[in-house]
Amino acid sequence: MTQRTLQLDDALYQYLLDVSLRESPLLARLREETAQLSQARWQIAPEQGQFMALLVRLTGARRVIEVGTFTGYSALCMAQALGEGGRLICCDLPGDYNATARRYFAEAGVAESIEWRLGPALESLAALAREGQGAFDLIFVDADKANYPAYLEQALFLLRQGGLLLFDNTLWSGRVLQRSPDSEDTRAIQALNLALRDDPRIDLSLLPLGDGLTLCRKR
């Protein structure tokens with residue numbers, strides 16, 4: 001028994017992967033291809049992708065939004081967990097990596113269940129609200145950190161009661177501990193974390209998974 005979260009050294013982290021990760025060859029290949037890109041740090045950890053797929057199955061989610069898709073690893077994890085009739089909306093900026101995601105979505109046979117919204121994500125989410133496309137089951141936010149507080153409000157508007165909102169990078173490699181950060185991104189994540197702590201609209205848990213993954217259930 002331990003009274004605090006266990007710290008993982010390299011050997012223990014590898015053990016975690018060895019005994020629990022069920023990454024498909026396709027997902028492994030996507031992760032390896034993404035690792036060659038200059039923006040590879042945007043890629044989530046494989047155990048996080050598996051956890052998010054489990055959340056989709058546990059909640060029975062059928063309508064999902066992802067804010068920040070990159071090469072598609074997290075989207076593919078969730079799309080494969082949606083099951084028949086599920087729908088995933090991917091909000092991202094246009095970029096070369098969109099083609100990588102599309103290629104893997106097609107190979108996995110989930111392309112038809114994924115809708116792209118290319119452009120500033122705040123505008124894409126506002127458009128979904130104007131279209132009356134609320135009552136989403138799950139929303140995952142892993143995009144420009146400076147807009148995290150704004151994404152919170154838009155996501156809560158679009159979520160159904162009991163829906164799940166996920167924020168990535170909420171521990172920000174420890175930079176959230178900085179007292180007077182110069183980075184706007186760091187300040188925004190700090191502000192989000194404090195706002196979530198005191199927000200009566202949600203149930204909350206921040207997990208030390210990957211770079212910090214915050215789960216918010218809309219009350």
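**Pockets and packed helices**

Me: What does the lining of the second largest pocket look like by class?

Reply: That lining has 9 nonpolar, 5 polar and 4 charged residues. Here Ala, Val, Leu, Ile, Met, Phe, Trp, Tyr, Cys and Pro count as nonpolar, Asp, Glu, Lys and Arg as charged, and the others, Gly among them, as polar. Bear in mind that this is a predicted model: local features need pLDDT of at least 70 and side-chain atom pairs count only at pLDDT 80 or more, while totals for chains, interfaces and linings use all residues. Residues are numbered from 1 along each chain as its sequence is written, and side-chain values use heavy atoms, with hydrogens and water left out.

Me: How big is the second largest pocket, by volume?

Reply: About 560 Å³, where a volume is the space filled by probe spheres set on grid points joined across faces, edges and corners. Its lining counts 18 residues, and closest to the centre are Leu8, Leu16, Pro208, Leu209 and Gly210. Two or more lining residues come from each of α1 (10–20) and α3 (46–59); helices are DSSP runs (H or I, at least four residues) and strands likewise (E, at least two), numbered from the N terminus.

Me: What makes a space a pocket rather than a cavity?

Reply: On a 1 Å grid over the protein atoms alone, a cavity is a set of points where a 1.4 Å probe fits but cannot get out, whereas a pocket is an open set with protein on both sides within 12 Å along at least five of seven lines; lining residues have an atom within 4 Å of a point. The largest pocket has a volume of about 720 Å³. Of its 33 lining residues, Trp42, Asp142, Ala143, Lys145 and Asn169 are closest to the centre. Both α4 and β2 (87–92) supply at least two residues to that lining, which splits into 13 nonpolar, 11 polar and 9 charged.

Me: Why is α2 called roughly antiparallel to α4?

Reply: The axes of α2 (25–34) and α4 (73–82) come within 10 Å and cross at roughly 165°. Axes are lines fitted to C-alpha atoms, for helices over the stretch in contact, with angles from 0 to 180 degrees between N-to-C directions. Under 35 degrees counts as roughly parallel, over 145 as roughly antiparallel, 65 to 115 as roughly perpendicular and the rest as oblique. That makes α2 and α4 roughly antiparallel.

Me: Which residues of α2 and α4 meet?

Reply: Leu26, Leu27, Leu30 and Arg31 of α2 meet Tyr73, Leu76, Cys77 and Gln80 of α4, contact being heavy atoms within 4.5 Å. By class, that contact holds 6 nonpolar, 1 polar and 1 charged.

Me: What about α3 and α4: roughly parallel or antiparallel?

Reply: Their packing angle is about 30°, with the axes 8 Å apart. α3 and α4 are therefore roughly parallel. Their contact has 9 nonpolar, 3 polar and 1 charged residues.

Me: How do you know how α2 and α5 are oriented?

Reply: The axes of α2 and α5 (97–108) come within 11 Å and cross at roughly 170°. Therefore, α2 and α5 are roughly antiparallel. Leu26, Arg29, Leu30 and Glu33 of α2 meet Thr100, Arg103, Tyr104, Glu107 and Ala108 of α5, giving 4 nonpolar, 1 polar and 4 charged residues.
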